[in-house]
Amino acid sequence: MNRAKKILVLSLLAVTIGFGFWKQGKTAFRSMAEMRRPAVEAGADARILKDFFVQRFGKSAGALKLAYVSDRREAPGRRHPLEFFYDVQYGFAPLILHPAGELSDCEVLDFESAGERQSRLDAKSLTVLKESGGLQIVCREEG
Amino acid sequence: MGSWHFLAAYAASFILGWRFLRALLGPREPLPAVLVLAPAAGLALSSFLLLAQLLMSDQMSLGRSLVLHGVLLGLIEVIRLRVAPAEAGAKVDSRLRGNDIGAAAVMSIAAVLFLARALKSPYGTGLDAWAIWKLKARFLFYAENWKDVFSPILDFSHPDYPLFYPLAMVWGWFFGGESAAAPFLLSMTATVCLAGFMVLSAGRAGLAAGLLLAATPHFIGSGASQYADIWTAFFSLAALVFADRAFRSDGIREALAAGFFAGAGCLVKNEGLLFYAVLAAVWMFRGKRRIALIVASLPFVIAALCFKMAAATPSHILSWEAVRGHLASGHLGARAGVVAGYFVQEVFKENAWVYAWFFFAAVFVLYARELLNAANAWRLGVLALLSGGYFLVYLFTALGLEMHLVTSFDRILLQIFPLFVYVFLSGPPFTEAARER
(Lines give C-alpha, C1' and ligand atoms only; values in the text may rest on other atoms or scores of the structure.)
Protein backbone atom coordinates (compact mmCIF):
# COMPACT_ATOMS: atom_id res chain seq x y z
CA MET A 1 0.00 0.00 0.00
CA ASN A 2 2.76 2.38 0.98
CA ARG A 3 4.68 1.50 -2.12
CA ALA A 4 1.62 2.04 -4.30
CA LYS A 5 1.00 5.44 -2.71
CA LYS A 6 4.58 6.48 -3.31
CA ILE A 7 4.51 5.34 -6.91
CA LEU A 8 1.28 7.28 -7.46
CA VAL A 9 2.66 10.47 -5.92
CA LEU A 10 6.02 10.26 -7.69
CA SER A 11 4.32 9.49 -11.02
CA LEU A 12 2.07 12.51 -10.67
CA LEU A 13 5.09 14.65 -9.79
CA ALA A 14 7.07 13.35 -12.77
CA VAL A 15 4.17 13.86 -15.16
CA THR A 16 3.59 17.38 -13.84
CA ILE A 17 7.23 18.37 -14.22
CA GLY A 18 7.58 16.74 -17.63
CA PHE A 19 4.36 18.18 -18.95
CA GLY A 20 5.26 21.59 -17.57
CA PHE A 21 8.59 21.68 -19.38
CA TRP A 22 6.95 20.43 -22.57
CA LYS A 23 4.38 23.23 -22.36
CA GLN A 24 7.04 25.79 -21.58
CA GLY A 25 9.26 24.52 -24.36
CA LYS A 26 6.44 25.13 -26.81
CA THR A 27 5.88 28.61 -25.40
CA ALA A 28 9.59 29.35 -25.60
CA PHE A 29 9.79 28.29 -29.24
CA ARG A 30 6.73 30.40 -30.05
CA SER A 31 8.35 33.36 -28.31
CA MET A 32 11.56 32.90 -30.26
CA ALA A 33 9.58 32.68 -33.49
CA GLU A 34 7.83 35.96 -32.63
CA MET A 35 11.19 37.58 -32.07
CA ARG A 36 12.31 36.54 -35.54
CA ARG A 37 9.39 38.34 -37.19
CA PRO A 38 10.42 41.19 -39.48
CA ALA A 39 11.59 44.11 -37.44
CA VAL A 40 9.00 46.74 -36.72
CA GLU A 41 10.20 50.21 -37.49
CA ALA A 42 11.36 51.60 -34.19
CA GLY A 43 8.27 52.53 -32.28
CA ALA A 44 6.62 54.09 -35.32
CA ASP A 45 3.02 53.79 -34.23
CA ALA A 46 3.67 54.65 -30.62
CA ARG A 47 5.89 57.55 -31.55
CA ILE A 48 3.12 59.32 -33.44
CA LEU A 49 0.83 59.04 -30.46
CA LYS A 50 3.53 60.24 -28.16
CA ASP A 51 4.26 63.20 -30.42
CA PHE A 52 0.62 64.08 -30.39
CA PHE A 53 0.50 64.27 -26.64
CA VAL A 54 3.79 66.08 -26.34
CA GLN A 55 2.63 68.68 -28.88
CA ARG A 56 -0.65 69.02 -27.10
CA PHE A 57 0.79 69.45 -23.63
CA GLY A 58 4.42 70.33 -24.21
CA LYS A 59 4.09 73.93 -23.15
CA SER A 60 1.58 73.40 -20.44
CA ALA A 61 2.24 73.20 -16.73
CA GLY A 62 1.46 69.52 -16.96
CA ALA A 63 4.35 68.80 -19.32
CA LEU A 64 6.54 67.38 -16.60
CA LYS A 65 3.76 65.18 -15.39
CA LEU A 66 3.47 63.82 -18.89
CA ALA A 67 6.91 62.36 -18.40
CA TYR A 68 5.46 60.12 -15.75
CA VAL A 69 3.06 58.50 -18.09
CA SER A 70 4.85 58.70 -21.40
CA ASP A 71 7.71 56.35 -21.93
CA ARG A 72 11.17 57.74 -22.55
CA ARG A 73 12.69 54.46 -23.54
CA GLU A 74 14.09 53.78 -26.96
CA ALA A 75 11.73 51.40 -28.67
CA PRO A 76 13.72 48.40 -29.87
CA GLY A 77 13.69 47.32 -33.47
CA ARG A 78 12.25 43.94 -32.75
CA ARG A 79 8.92 44.13 -31.06
CA HIS A 80 5.67 42.39 -31.51
CA PRO A 81 3.03 44.92 -32.56
CA LEU A 82 0.92 43.99 -29.57
CA GLU A 83 3.61 45.51 -27.40
CA PHE A 84 2.38 48.89 -28.53
CA PHE A 85 -0.61 48.35 -26.31
CA TYR A 86 1.55 49.48 -23.43
CA ASP A 87 2.72 52.55 -25.23
CA VAL A 88 -0.75 53.68 -26.07
CA GLN A 89 -1.73 53.37 -22.47
CA TYR A 90 -0.99 57.03 -22.32
CA GLY A 91 -4.35 57.29 -23.83
CA PHE A 92 -4.94 57.76 -20.11
CA ALA A 93 -2.73 60.81 -20.14
CA PRO A 94 -5.48 63.34 -20.82
CA LEU A 95 -7.43 62.04 -17.88
CA ILE A 96 -4.46 62.19 -15.59
CA LEU A 97 -3.35 65.64 -16.67
CA HIS A 98 -6.74 67.22 -17.01
CA PRO A 99 -9.10 65.69 -14.54
CA ALA A 100 -11.46 68.61 -15.19
CA GLY A 101 -12.15 66.84 -18.43
CA GLU A 102 -10.84 68.91 -21.35
CA LEU A 103 -9.94 65.73 -23.20
CA SER A 104 -11.81 63.22 -21.17
CA ASP A 105 -14.03 62.40 -24.11
CA CYS A 106 -11.06 61.12 -26.08
CA GLU A 107 -10.02 57.49 -26.08
CA VAL A 108 -7.62 55.20 -27.87
CA LEU A 109 -8.88 52.40 -30.06
CA ASP A 110 -6.40 49.73 -30.94
CA PHE A 111 -7.28 46.11 -31.56
CA GLU A 112 -10.82 46.41 -32.82
CA SER A 113 -11.56 45.16 -36.32
CA ALA A 114 -12.45 47.76 -38.93
CA GLY A 115 -16.12 46.84 -38.63
CA GLU A 116 -16.12 46.97 -34.84
CA ARG A 117 -14.35 50.27 -34.94
CA GLN A 118 -16.81 51.87 -37.33
CA SER A 119 -19.82 50.68 -35.36
CA ARG A 120 -18.25 52.06 -32.18
CA LEU A 121 -17.59 55.39 -33.85
CA ASP A 122 -21.18 55.56 -35.07
CA ALA A 123 -22.73 54.41 -31.83
CA LYS A 124 -20.84 56.87 -29.65
CA SER A 125 -20.67 59.75 -32.13
CA LEU A 126 -16.88 59.71 -32.15
CA THR A 127 -14.58 61.28 -34.70
CA VAL A 128 -11.04 60.25 -35.43
CA LEU A 129 -8.62 62.86 -34.17
CA LYS A 130 -5.42 61.00 -35.05
CA GLU A 131 -4.73 57.73 -36.83
CA SER A 132 -1.58 55.72 -36.96
CA GLY A 133 -1.20 52.16 -38.05
CA GLY A 134 -3.89 50.22 -36.29
CA LEU A 135 -4.32 52.86 -33.63
CA GLN A 136 -6.72 55.74 -33.44
CA ILE A 137 -7.37 58.53 -30.99
CA VAL A 138 -11.05 59.21 -31.14
CA CYS A 139 -13.02 62.00 -29.51
CA ARG A 140 -16.65 62.75 -29.04
CA GLU A 141 -18.01 65.13 -31.64
CA GLU A 142 -18.61 68.62 -30.32
CA GLY A 143 -22.06 70.06 -30.34
CA MET B 1 16.81 49.42 -22.97
CA GLY B 2 18.66 52.46 -21.71
CA SER B 3 21.74 52.89 -19.60
CA TRP B 4 23.23 49.92 -17.77
CA HIS B 5 24.63 52.01 -14.93
CA PHE B 6 21.83 50.70 -12.72
CA LEU B 7 23.93 47.57 -12.36
CA ALA B 8 26.15 49.52 -9.95
CA ALA B 9 23.14 50.15 -7.71
CA TYR B 10 22.15 46.50 -7.69
CA ALA B 11 25.75 45.43 -7.09
CA ALA B 12 25.80 47.71 -4.04
CA SER B 13 22.54 46.17 -2.81
CA PHE B 14 23.91 42.68 -3.39
CA ILE B 15 27.01 43.40 -1.33
CA LEU B 16 24.87 44.90 1.44
CA GLY B 17 22.57 41.88 1.41
CA TRP B 18 25.46 39.45 1.33
CA ARG B 19 27.25 41.02 4.30
CA PHE B 20 23.98 41.34 6.19
CA LEU B 21 23.11 37.67 5.70
CA ARG B 22 26.64 36.58 6.59
CA ALA B 23 26.35 38.52 9.83
CA LEU B 24 22.85 37.25 10.50
CA LEU B 25 23.25 33.60 9.58
CA GLY B 26 26.92 33.12 10.46
CA PRO B 27 29.75 31.45 8.56
CA ARG B 28 28.18 28.00 8.75
CA GLU B 29 25.36 28.98 6.43
CA PRO B 30 26.30 27.46 3.05
CA LEU B 31 27.54 29.98 0.51
CA PRO B 32 25.02 29.12 -2.26
CA ALA B 33 22.06 29.84 0.04
CA VAL B 34 23.54 33.20 0.97
CA LEU B 35 24.21 34.02 -2.69
CA VAL B 36 20.63 33.34 -3.83
CA LEU B 37 19.15 35.25 -0.90
CA ALA B 38 21.53 38.22 -1.01
CA PRO B 39 19.88 40.09 -3.94
CA ALA B 40 16.47 40.04 -2.25
CA ALA B 41 17.87 40.89 1.18
CA GLY B 42 19.97 43.71 -0.27
CA LEU B 43 17.10 45.18 -2.26
CA ALA B 44 14.87 45.01 0.81
CA LEU B 45 17.46 47.04 2.72
CA SER B 46 17.99 49.49 -0.16
CA SER B 47 14.26 50.07 -0.60
CA PHE B 48 13.91 50.49 3.13
CA LEU B 49 16.61 53.19 3.12
CA LEU B 50 14.93 55.01 0.23
CA LEU B 51 11.50 54.77 1.85
CA ALA B 52 12.90 56.00 5.16
CA GLN B 53 14.24 59.11 3.36
CA LEU B 54 10.85 59.76 1.81
CA LEU B 55 8.99 59.28 5.06
CA MET B 56 11.36 61.42 7.10
CA SER B 57 12.25 64.22 4.68
CA ASP B 58 9.93 63.83 1.68
CA GLN B 59 13.00 63.63 -0.54
CA MET B 60 15.59 61.12 -1.59
CA SER B 61 18.84 61.57 -3.41
CA LEU B 62 21.65 59.43 -4.77
CA GLY B 63 24.24 61.00 -2.48
CA ARG B 64 22.24 60.54 0.68
CA SER B 65 21.30 57.01 -0.37
CA LEU B 66 24.94 56.07 -0.91
CA VAL B 67 25.91 57.48 2.46
CA LEU B 68 23.10 55.54 4.15
CA HIS B 69 24.16 52.35 2.40
CA GLY B 70 27.72 52.90 3.57
CA VAL B 71 26.64 53.61 7.13
CA LEU B 72 24.43 50.53 7.23
CA LEU B 73 27.20 48.35 5.82
CA GLY B 74 29.60 49.71 8.43
CA LEU B 75 27.07 49.08 11.20
CA ILE B 76 26.57 45.51 10.04
CA GLU B 77 30.30 44.85 10.12
CA VAL B 78 30.75 46.52 13.52
CA ILE B 79 27.86 44.58 15.05
CA ARG B 80 29.22 41.36 13.60
CA LEU B 81 32.65 41.99 15.09
CA ARG B 82 31.19 43.02 18.46
CA VAL B 83 28.57 40.29 18.83
CA ALA B 84 30.47 37.36 17.38
CA PRO B 85 34.16 38.27 17.01
CA ALA B 86 35.13 34.62 16.64
CA GLU B 87 33.10 34.43 13.46
CA ALA B 88 35.03 37.20 11.77
CA GLY B 89 37.93 34.94 10.92
CA ALA B 90 35.94 31.72 10.76
CA LYS B 91 36.06 29.71 7.60
CA VAL B 92 32.97 30.15 5.47
CA ASP B 93 31.21 26.93 4.55
CA SER B 94 31.85 26.79 0.81
CA ARG B 95 31.71 23.03 0.29
CA LEU B 96 29.78 22.03 -2.79
CA ARG B 97 26.83 19.73 -2.15
CA GLY B 98 24.60 17.79 -4.48
CA ASN B 99 21.77 20.26 -4.11
CA ASP B 100 24.11 23.13 -5.00
CA ILE B 101 24.69 21.64 -8.43
CA GLY B 102 20.96 20.94 -8.69
CA ALA B 103 20.24 24.55 -7.77
CA ALA B 104 22.63 25.80 -10.45
CA ALA B 105 20.94 23.54 -13.01
CA VAL B 106 17.41 24.61 -12.04
CA MET B 107 18.42 28.28 -12.02
CA SER B 108 19.90 27.89 -15.50
CA ILE B 109 16.69 26.28 -16.76
CA ALA B 110 14.57 28.99 -15.14
CA ALA B 111 16.81 31.67 -16.66
CA VAL B 112 16.52 30.22 -20.17
CA LEU B 113 12.73 29.89 -19.91
CA PHE B 114 12.48 33.38 -18.45
CA LEU B 115 14.58 34.88 -21.25
CA ALA B 116 12.63 33.06 -23.94
CA ARG B 117 9.48 34.76 -22.69
CA ALA B 118 10.82 38.06 -21.51
CA LEU B 119 12.93 38.96 -24.53
CA LYS B 120 9.78 38.91 -26.64
CA SER B 121 8.11 41.29 -24.23
CA PRO B 122 11.01 43.06 -22.52
CA TYR B 123 8.79 45.67 -20.93
CA GLY B 124 6.67 43.15 -19.11
CA THR B 125 3.24 41.86 -19.96
CA GLY B 126 -0.09 42.75 -18.43
CA LEU B 127 -1.47 46.17 -17.65
CA ASP B 128 -0.34 46.34 -14.03
CA ALA B 129 3.35 46.30 -14.93
CA TRP B 130 2.72 49.68 -16.51
CA ALA B 131 -0.29 51.01 -14.67
CA ILE B 132 0.92 50.23 -11.16
CA TRP B 133 4.57 49.45 -10.72
CA LYS B 134 6.39 51.41 -13.42
CA LEU B 135 3.99 54.32 -13.11
CA LYS B 136 4.72 54.55 -9.38
CA ALA B 137 8.45 54.31 -10.07
CA ARG B 138 8.25 57.17 -12.56
CA PHE B 139 6.36 59.33 -10.10
CA LEU B 140 8.92 58.64 -7.40
CA PHE B 141 11.79 59.28 -9.79
CA TYR B 142 10.56 62.46 -11.47
CA ALA B 143 8.16 64.07 -9.04
CA GLU B 144 9.01 67.13 -7.02
CA ASN B 145 6.57 65.88 -4.41
CA TRP B 146 6.63 62.11 -4.05
CA LYS B 147 3.16 62.19 -2.51
CA ASP B 148 1.78 62.88 -6.00
CA VAL B 149 1.80 59.11 -6.21
CA PHE B 150 -1.17 59.11 -3.84
CA SER B 151 -3.24 61.38 -6.07
CA PRO B 152 -6.84 60.18 -6.31
CA ILE B 153 -6.51 60.75 -10.05
CA LEU B 154 -4.25 57.70 -10.05
CA ASP B 155 -6.61 55.52 -8.08
CA PHE B 156 -6.41 52.87 -10.82
CA SER B 157 -2.81 52.32 -9.70
CA HIS B 158 -3.86 51.49 -6.11
CA PRO B 159 -2.19 54.36 -4.22
CA ASP B 160 -2.09 52.33 -1.01
CA TYR B 161 0.18 49.63 -2.46
CA PRO B 162 3.61 49.55 -0.76
CA LEU B 163 6.64 50.77 -2.67
CA PHE B 164 9.38 48.11 -2.48
CA TYR B 165 9.34 47.31 -6.19
CA PRO B 166 9.03 50.90 -7.51
CA LEU B 167 11.78 51.99 -5.11
CA ALA B 168 14.00 49.13 -6.25
CA MET B 169 13.59 50.43 -9.81
CA VAL B 170 14.25 54.01 -8.74
CA TRP B 171 17.38 52.92 -6.88
CA GLY B 172 18.73 51.59 -10.18
CA TRP B 173 17.59 54.63 -12.15
CA PHE B 174 19.47 56.94 -9.77
CA PHE B 175 22.69 55.74 -11.36
CA GLY B 176 21.96 56.24 -15.04
CA GLY B 177 18.44 57.47 -15.60
CA GLU B 178 15.29 55.58 -16.33
CA SER B 179 15.92 52.21 -17.88
CA ALA B 180 13.46 49.46 -18.78
CA ALA B 181 16.26 46.97 -18.22
CA ALA B 182 16.16 47.57 -14.46
CA PRO B 183 12.74 46.00 -13.81
CA PHE B 184 13.63 43.30 -16.33
CA LEU B 185 16.71 42.39 -14.31
CA LEU B 186 14.87 42.66 -10.99
CA SER B 187 12.17 40.26 -12.17
CA MET B 188 14.67 37.82 -13.62
CA THR B 189 16.68 37.87 -10.40
CA ALA B 190 13.63 37.15 -8.28
CA THR B 191 12.41 34.34 -10.54
CA VAL B 192 15.76 32.59 -10.92
CA CYS B 193 16.89 33.00 -7.29
CA LEU B 194 13.52 31.83 -5.98
CA ALA B 195 13.86 28.62 -8.01
CA GLY B 196 17.42 28.14 -6.74
CA PHE B 197 16.44 28.83 -3.14
CA MET B 198 13.70 26.21 -3.42
CA VAL B 199 16.24 23.54 -4.41
CA LEU B 200 18.53 24.49 -1.53
CA SER B 201 15.74 24.58 1.05
CA ALA B 202 13.46 21.64 0.37
CA GLY B 203 15.86 18.95 1.56
CA ARG B 204 16.04 15.56 -0.18
CA ALA B 205 13.35 16.48 -2.66
CA GLY B 206 14.90 19.90 -3.26
CA LEU B 207 15.77 19.19 -6.87
CA ALA B 208 12.24 17.94 -7.60
CA ALA B 209 10.78 20.99 -5.83
CA GLY B 210 12.92 23.37 -7.87
CA LEU B 211 12.08 21.54 -11.09
CA LEU B 212 8.37 21.65 -10.25
CA LEU B 213 8.62 25.39 -9.72
CA ALA B 214 10.59 26.02 -12.90
CA ALA B 215 8.31 23.71 -14.89
CA THR B 216 5.17 25.59 -13.89
CA PRO B 217 4.33 27.92 -16.79
CA HIS B 218 2.59 30.48 -14.60
CA PHE B 219 5.61 30.82 -12.33
CA ILE B 220 7.97 31.70 -15.17
CA GLY B 221 5.27 33.71 -16.95
CA SER B 222 4.49 35.79 -13.88
CA GLY B 223 8.16 36.46 -13.34
CA ALA B 224 8.50 37.62 -16.93
CA SER B 225 5.41 39.82 -16.56
CA GLN B 226 7.45 42.08 -14.24
CA TYR B 227 4.71 42.22 -11.61
CA ALA B 228 5.54 42.48 -7.91
CA ASP B 229 3.92 39.17 -7.02
CA ILE B 230 7.10 37.22 -7.64
CA TRP B 231 8.77 39.31 -4.89
CA THR B 232 5.92 38.63 -2.48
CA ALA B 233 6.36 34.93 -3.21
CA PHE B 234 10.12 35.20 -2.66
CA PHE B 235 9.95 36.92 0.72
CA SER B 236 7.13 34.67 1.91
CA LEU B 237 9.03 31.53 0.97
CA ALA B 238 12.25 32.72 2.59
CA ALA B 239 10.35 33.58 5.78
CA LEU B 240 8.60 30.21 5.84
CA VAL B 241 11.84 28.29 5.27
CA PHE B 242 13.63 30.10 8.10
CA ALA B 243 10.59 29.71 10.35
CA ASP B 244 10.72 25.98 9.65
CA ARG B 245 14.39 25.89 10.55
CA ALA B 246 13.80 28.01 13.65
CA PHE B 247 11.06 25.69 14.87
CA ARG B 248 13.31 22.67 14.43
CA SER B 249 16.42 24.17 16.01
CA ASP B 250 15.11 26.95 18.26
CA GLY B 251 17.94 28.95 16.71
CA ILE B 252 17.89 32.69 17.19
CA ARG B 253 19.59 33.35 13.84
CA GLU B 254 16.86 31.50 11.96
CA ALA B 255 14.15 33.31 13.91
CA LEU B 256 15.74 36.66 13.08
CA ALA B 257 16.01 35.70 9.41
CA ALA B 258 12.34 34.62 9.35
CA GLY B 259 11.36 37.96 10.87
CA PHE B 260 13.56 39.88 8.44
CA PHE B 261 12.09 38.28 5.32
CA ALA B 262 8.49 38.32 6.60
CA GLY B 263 8.92 42.00 7.46
CA ALA B 264 10.48 42.77 4.08
CA GLY B 265 7.42 41.25 2.42
CA CYS B 266 5.29 43.94 4.09
CA LEU B 267 7.00 46.52 1.87
CA VAL B 268 6.11 44.70 -1.35
CA LYS B 269 2.35 44.26 -1.39
CA ASN B 270 -0.54 44.27 1.04
CA GLU B 271 -0.54 40.49 0.78
CA GLY B 272 2.87 40.61 2.46
CA LEU B 273 1.18 42.15 5.49
CA LEU B 274 -1.31 39.28 5.50
CA PHE B 275 1.50 36.73 5.35
CA TYR B 276 3.30 38.50 8.17
CA ALA B 277 0.17 38.48 10.33
CA VAL B 278 -0.38 34.78 9.63
CA LEU B 279 3.22 33.79 10.37
CA ALA B 280 3.33 35.91 13.53
CA ALA B 281 0.06 34.40 14.75
CA VAL B 282 1.28 30.84 14.15
CA TRP B 283 4.63 31.67 15.73
CA MET B 284 3.01 32.97 18.90
CA PHE B 285 1.39 29.57 19.42
CA ARG B 286 4.10 27.31 18.06
CA GLY B 287 7.54 28.79 18.15
CA LYS B 288 10.13 30.01 20.58
CA ARG B 289 12.20 33.14 19.99
CA ARG B 290 9.08 35.22 19.51
CA ILE B 291 10.91 38.43 20.37
CA ALA B 292 13.52 37.73 17.68
CA LEU B 293 10.82 37.44 15.03
CA ILE B 294 9.26 40.72 16.11
CA VAL B 295 12.56 42.61 16.46
CA ALA B 296 13.85 41.61 13.02
CA SER B 297 10.62 42.53 11.31
CA LEU B 298 9.89 45.68 13.28
CA PRO B 299 11.71 48.25 11.07
CA PHE B 300 9.87 47.03 7.99
CA VAL B 301 6.51 46.79 9.71
CA ILE B 302 6.90 50.31 11.14
CA ALA B 303 7.93 51.61 7.71
CA ALA B 304 4.94 49.90 6.11
CA LEU B 305 2.56 51.38 8.68
CA CYS B 306 4.12 54.86 8.34
CA PHE B 307 3.71 54.51 4.59
CA LYS B 308 0.05 53.63 5.05
CA MET B 309 -0.42 56.73 7.18
CA ALA B 310 1.42 58.89 4.63
CA ALA B 311 -0.70 57.46 1.84
CA ALA B 312 -3.86 58.29 3.75
CA THR B 313 -5.87 56.81 0.93
CA PRO B 314 -8.51 54.23 1.69
CA SER B 315 -8.05 50.79 0.24
CA HIS B 316 -10.09 50.22 -2.89
CA ILE B 317 -10.38 46.57 -2.01
CA LEU B 318 -11.39 46.55 1.64
CA SER B 319 -13.75 48.91 3.42
CA TRP B 320 -16.03 48.59 6.43
CA GLU B 321 -18.94 49.77 4.33
CA ALA B 322 -18.40 46.93 1.87
CA VAL B 323 -18.06 44.37 4.68
CA ARG B 324 -21.25 45.59 6.34
CA GLY B 325 -23.03 45.64 3.00
CA HIS B 326 -22.05 42.06 2.17
CA LEU B 327 -22.99 40.83 5.64
CA ALA B 328 -26.40 42.43 5.33
CA SER B 329 -26.96 41.28 1.76
CA GLY B 330 -27.51 37.62 2.57
CA HIS B 331 -25.50 36.66 -0.51
CA LEU B 332 -22.35 35.49 1.23
CA GLY B 333 -23.02 31.84 0.39
CA ALA B 334 -23.40 32.61 -3.27
CA ARG B 335 -20.26 34.76 -3.25
CA ALA B 336 -18.31 31.98 -1.54
CA GLY B 337 -19.52 29.64 -4.26
CA VAL B 338 -18.28 32.01 -6.94
CA VAL B 339 -14.82 32.18 -5.31
CA ALA B 340 -14.66 28.40 -4.91
CA GLY B 341 -15.81 27.91 -8.48
CA TYR B 342 -13.16 30.28 -9.71
CA PHE B 343 -10.51 28.37 -7.76
CA VAL B 344 -11.59 25.10 -9.38
CA GLN B 345 -11.60 26.74 -12.79
CA GLU B 346 -8.11 28.17 -12.21
CA VAL B 347 -6.41 24.98 -11.01
CA PHE B 348 -7.69 23.14 -14.08
CA LYS B 349 -5.74 25.51 -16.35
CA GLU B 350 -2.98 23.15 -17.38
CA ASN B 351 -1.32 25.87 -19.45
CA ALA B 352 -0.77 27.79 -16.22
CA TRP B 353 -0.31 25.24 -13.45
CA VAL B 354 0.05 21.94 -15.29
CA TYR B 355 -1.15 19.38 -12.69
CA ALA B 356 0.63 20.88 -9.69
CA TRP B 357 -2.50 21.52 -7.60
CA PHE B 358 -3.64 17.94 -8.21
CA PHE B 359 -0.25 16.75 -7.04
CA PHE B 360 -0.65 18.71 -3.80
CA ALA B 361 -4.16 17.32 -3.36
CA ALA B 362 -2.94 13.76 -3.94
CA VAL B 363 -0.13 14.12 -1.42
CA PHE B 364 -2.54 15.58 1.12
CA VAL B 365 -5.15 12.86 0.67
CA LEU B 366 -2.64 10.00 0.70
CA TYR B 367 -0.45 11.34 3.52
CA ALA B 368 -2.86 13.42 5.61
CA ARG B 369 -1.92 11.68 8.87
CA GLU B 370 1.80 12.30 8.43
CA LEU B 371 1.32 15.84 7.18
CA LEU B 372 -0.87 16.72 10.14
CA ASN B 373 1.52 15.41 12.78
CA ALA B 374 2.85 17.79 15.39
CA ALA B 375 6.03 18.65 13.49
CA ASN B 376 4.32 19.54 10.21
CA ALA B 377 0.83 20.72 11.07
CA TRP B 378 1.85 24.32 11.64
CA ARG B 379 3.08 24.58 8.05
CA LEU B 380 -0.29 23.48 6.75
CA GLY B 381 -1.77 25.92 9.25
CA VAL B 382 0.13 28.78 7.60
CA LEU B 383 -1.14 27.70 4.17
CA ALA B 384 -4.70 27.33 5.45
CA LEU B 385 -4.74 30.69 7.24
CA LEU B 386 -3.18 32.45 4.28
CA SER B 387 -5.63 30.90 1.83
CA GLY B 388 -8.46 31.68 4.26
CA GLY B 389 -7.31 35.30 4.42
CA TYR B 390 -7.37 35.61 0.65
CA PHE B 391 -10.77 33.93 0.57
CA LEU B 392 -12.19 36.46 3.04
CA VAL B 393 -10.74 39.37 1.05
CA TYR B 394 -12.59 38.12 -2.03
CA LEU B 395 -15.73 37.43 -0.04
CA PHE B 396 -15.90 40.98 1.28
CA THR B 397 -14.18 42.85 -1.52
CA ALA B 398 -15.41 46.36 -2.27
CA LEU B 399 -14.73 45.73 -5.96
CA GLY B 400 -16.99 43.74 -8.22
CA LEU B 401 -16.33 40.13 -7.29
CA GLU B 402 -16.01 38.80 -10.83
CA MET B 403 -13.75 41.65 -11.87
CA HIS B 404 -11.61 41.25 -8.75
CA LEU B 405 -11.23 37.52 -9.36
CA VAL B 406 -10.46 37.89 -13.05
CA THR B 407 -7.80 40.52 -12.47
CA SER B 408 -6.02 39.04 -9.48
CA PHE B 409 -6.76 35.40 -8.70
CA ASP B 410 -3.96 33.82 -10.71
CA ARG B 411 -1.46 36.22 -9.15
CA ILE B 412 -2.68 35.47 -5.65
CA LEU B 413 -2.16 31.78 -6.38
CA LEU B 414 1.34 32.55 -7.62
CA GLN B 415 2.19 34.19 -4.31
CA ILE B 416 1.32 31.05 -2.37
CA PHE B 417 2.38 28.49 -4.96
CA PRO B 418 6.05 28.30 -3.88
CA LEU B 419 4.87 27.85 -0.28
CA PHE B 420 2.76 24.86 -1.35
CA VAL B 421 5.70 23.41 -3.30
CA TYR B 422 7.94 23.77 -0.26
CA VAL B 423 5.46 22.37 2.27
CA PHE B 424 4.45 19.39 0.15
CA LEU B 425 7.93 18.47 -1.06
CA SER B 426 9.95 19.03 2.09
CA GLY B 427 7.65 16.96 4.31
CA PRO B 428 6.10 13.51 4.15
CA PRO B 429 6.24 11.38 2.07
CA PHE B 430 9.59 12.70 0.86
CA THR B 431 11.24 12.97 4.27
CA GLU B 432 9.83 9.58 5.19
CA ALA B 433 11.37 8.10 2.05
CA ALA B 434 14.67 9.67 2.97
CA ARG B 435 14.60 8.15 6.44
CA GLU B 436 13.83 4.69 5.08
CA ARG B 437 16.93 4.78 2.98
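Val83(B) is exposed, with a relative accessible area of 66%. Exposed here means over 50% relative accessible area, buried means under 20%, and partly exposed lies in between (1.4 Å probe, protein chains only). The structure is a predicted model: local features need pLDDT of at least 70, side-chain atom pairs count only at pLDDT 80 or more, and totals for chains, interfaces and linings use all residues. Residues are numbered from 1 along each chain as its sequence is written, chains are lettered from A and ligands numbered from 1 in the order in which they are written, and side-chain values use heavy atoms, with hydrogens and water left out.

Val83(B) belongs to helix H3 (residues 62–83) of chain B. Helices are DSSP runs (H or I, at least four residues), numbered from the N terminus. Together with Val67(B), Val71(B), Leu75(B) and Ile79(B), Val83(B) makes a nonpolar surface patch of about 470 Å². Such patches take residues with over 30% relative accessible area and no salt bridge, and join nonpolar side chains (Val, Leu, Ile, Met, Phe, Trp, Tyr) within 5 Å. Accessible areas come from the Shrake-Rupley method with a 1.4 Å probe; for residues, only the protein chains shown count as cover.

Helix H12(B) is mostly covered, with 11 of its 14 residues buried. Among them are Glu254(B), Phe260(B) and Phe261(B). The cover includes helix H1 (6–25), helix H2 (31–57), H11, H13 and H14 of chain B. Contact is counted for heavy atoms within 4.5 Å.

Salt bridges were assigned where a side-chain nitrogen of Lys or Arg lies within 4 Å of a carboxyl oxygen of Asp or Glu. The count over all chains is 15. Arg245(B) pairs with Glu254(B), the closest N and O atoms being 3.7 Å apart. Arg245(B) is partly exposed at 28%, whereas Glu254(B) is buried at 16%.

Lys288(B) and Asp250(B) form a salt bridge at 3.4 Å, N to O. This pair links distant parts of the chain, 38 residues apart. Lys288(B) sits in the loop between H13 (270–286) and H14 (290–311), and Asp250(B) in the loop between H11 (229–249) and H12 (252–265). Lys288(B) is exposed at 55%; Asp250(B) is partly exposed at 27%.

Glu346(B) and Lys349(B) also form a salt bridge, at 3.0 Å. Glu346(B) is buried at 3%, while Lys349(B) is partly exposed at 36%.

Conventions:
Helix = DSSP H or I, 4+ residues; strand = E, 2+ residues; numbered from the N terminus. Patch = residues over 30% accessible without salt bridge, like charges linked within 9 Å, V, L, I, M, F, W, Y side chains within 5 Å.
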